[in-house]
Amino acid sequence: MSLALKVQQLSWLPGGHSVLADVGFELPSGKMLGLIGPNGAGKSSLLRCLYRYIRPDSGQIQLFGQDINSLSAKAFAKEVAVVLQDTPAQLALDLTQLVAMGLTPHKGLFDMPSATDKAQVQAALAQVGLQHKAAEPFAQLSGGEKQRALIARAIVQRPKLLILDEPTNHLDIRYQIQILELVRSLGVTVIASIHDLNLASALCDELLLLDNGRRIAHGSPQSVLTEDRIAGVFGVCCQVGTHPQLGRPLIHYFYGYQSPEPGHGKALSSAALASGKVHGAAIVEPMAGPASAETCVAHKETDRRPGSVGGGA
Ligand SMILES: Nc1ncnc2c1ncn2[C@@H]1O[C@H](COP(=O)(O)OP(=O)(O)OP(=O)(O)O)[C@@H](O)[C@H]1O
């Protein structure tokens, strides 16, 4: 399978502070890669390097076998579309005009939109469920509608690589699933930063886990999303099961990082754990502060009695 992206030894040190350190990965054409990691891990910075918003201090990025710096702005825009979480400045546009901007890399300076162009815009609006708002000002749309409009614009751009920075940020759960499934169905290579690990697990072919600007793991959701790694990187305890429909990792998080509350599980002492009498889900000890792989103890049996660890009300 041909490679869409080949990233080698990418480092970025703005003001001498390391944000990305020696990051490398390959992404085959047509695959969807989920970029995951805690706040400040470097996800947006990596994406910005990929869409040439920032220039890394060292390293190489090849896009379909070509150095990204060798492409003209127009050639790059034909290959790569970007959807960002922040609302763009085109506030005076209506929705149709905003989505039609995606045609720009494919048109000459004085070309008028053709009937095919208009049909593409309408089809993209229908794909994201916004055809009924086609004439509304972009600025008046809700956060989630704006996000879907920007995805429609990217669809119209017909890129080979689609880069999305937290595309599900403003979306309700239905649209989170629907938009990622839509993006996946476009048949293009996708790289998207996603905070929801279960959504990333369910819908991405591969995951790239960053922490402190470094690549921690890259591979299938099964290989990346392990309990120890989630504890070590995100500082939470969890149990990784299997999604009943998809057979992919499904993460169950455990609660209680400040102080134990009735009905929310109990903080267990080391002594309780050592006694072996505890049948429950997971334990964080001490309870204050983030967990680590060492302080998470995942028990496979689940005791569902009210008040027990992992038990319900
Ligand atoms: N232009 C910059 N100059 C200096 N430091 C920066 C710059 N841009 C980002 N950083 C720092 O780089 C680190 C990573 O930021 P980045 O936005 O890439 O992380 P992220 O993983 O996308 O985070 P989040 O999940 O919170 O959006 C942060 O500590 C941030 O402050």
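Predicted model: local features only at pLDDT ≥ 70, side-chain atom pairs only at ≥ 80, totals over all residues.
Q: Which residues are around the ligand?
A: Around the ligand sit Pro14, Gly15, His17, Val19, Gly37, Asn39, Gly40, Ala41, Gly42, Lys43, Ser44 and Ser45. A residue is near a molecule if its C-beta atom, placed from the backbone, lies within 6 Å of it. Residues are numbered from 1 along each chain as its sequence is written.

Q: And by class, what has the shell around the ligand got?
A: It has three nonpolar, eight polar and one charged residues. Here Ala, Val, Leu, Ile, Met, Phe, Trp, Tyr, Cys and Pro count as nonpolar, Asp, Glu, Lys and Arg as charged, and the others, Gly among them, as polar.

Q: Let's stay with Lys43. Is helix 1 (residues 43-50) mostly buried or exposed?
A: Seven of the eight residues of helix 1 are buried, so the helix is largely enclosed by the rest of the structure. Buried means 20 or more other C-beta atoms within 10 Å of the residue's own, exposed means 12 or fewer, and partly exposed is in between, with C-beta atoms placed from the backbone. Helices (H or I, at least four residues) and strands (E, at least two) are DSSP runs, numbered from the N terminus.

Q: Which residues of helix 1 are the buried ones?
A: They are Lys43, Ser45, Leu46, Leu47, Arg48, Cys49 and Leu50.

Q: What happens just after helix 1?
A: Arg52 takes a positive phi of about 65° there, and it's a residue other than glycine. Arg52 belongs to the loop between helix 1 and strand 4, and it is partly exposed, with 16 other C-beta atoms within 10 Å.

Q: What about the phi of Asn212?
A: Asn212 has a positive phi of about 55°, although it is not a glycine. You'll find Asn212 in the loop between strand 9 (206-211) and strand 10. It counts as partly exposed, because 15 other C-beta atoms lie within 10 Å.

Q: Switching to sheets: what is the order of the open sheet of four strands?
A: The order is 2-1-4-5, with antiparallel pairing. Its edge strands are strand 2 and strand 5 (66-67), each pairing on one side only. Two strands pair if DSSP finds at least two bridges between them.

Q: How many bridges does strand 1 make with strand 2?
A: Six: strand 1 (residues 3-12) and strand 2 (residues 20-28) pair in the antiparallel sense, and Leu5 has Leu27 as its bridge partner. Strand 1 is also joined to strand 4 (residues 58-63) by five bridges, again antiparallel, with Val7 opposite Ile61.

Q: And the open sheet of six strands, what's the order there?
A: That one goes 6-7-8-3-9-10, with mixed pairing. Strand 6 (80-83) and strand 10 (214-219) are the edge strands. Strand 7 (residues 161-165) and strand 8 (residues 189-193) run parallel, joined by five bridges, and Asp165 stands opposite Ser193.

Q: Last topic: which residues of the largest nonpolar core touch the most other members?
A: Of its 73 residues, those are Leu35, Val99, Ile151, Ala152, Leu162, Ile163 and Val190. Helix 5 (residues 143-157) gives the largest share, seven residues. Such a core is a set of buried Ala, Val, Leu, Ile, Met, Phe, Trp, Tyr and Cys residues joined through C-beta atoms within 7 Å.

Q: Where does this core lie?
A: Domain 1 (3-222) and domain 2 (226-313) both give residues to this core, so it lies between them. The domain bounds come from an automatic or database domain assignment.
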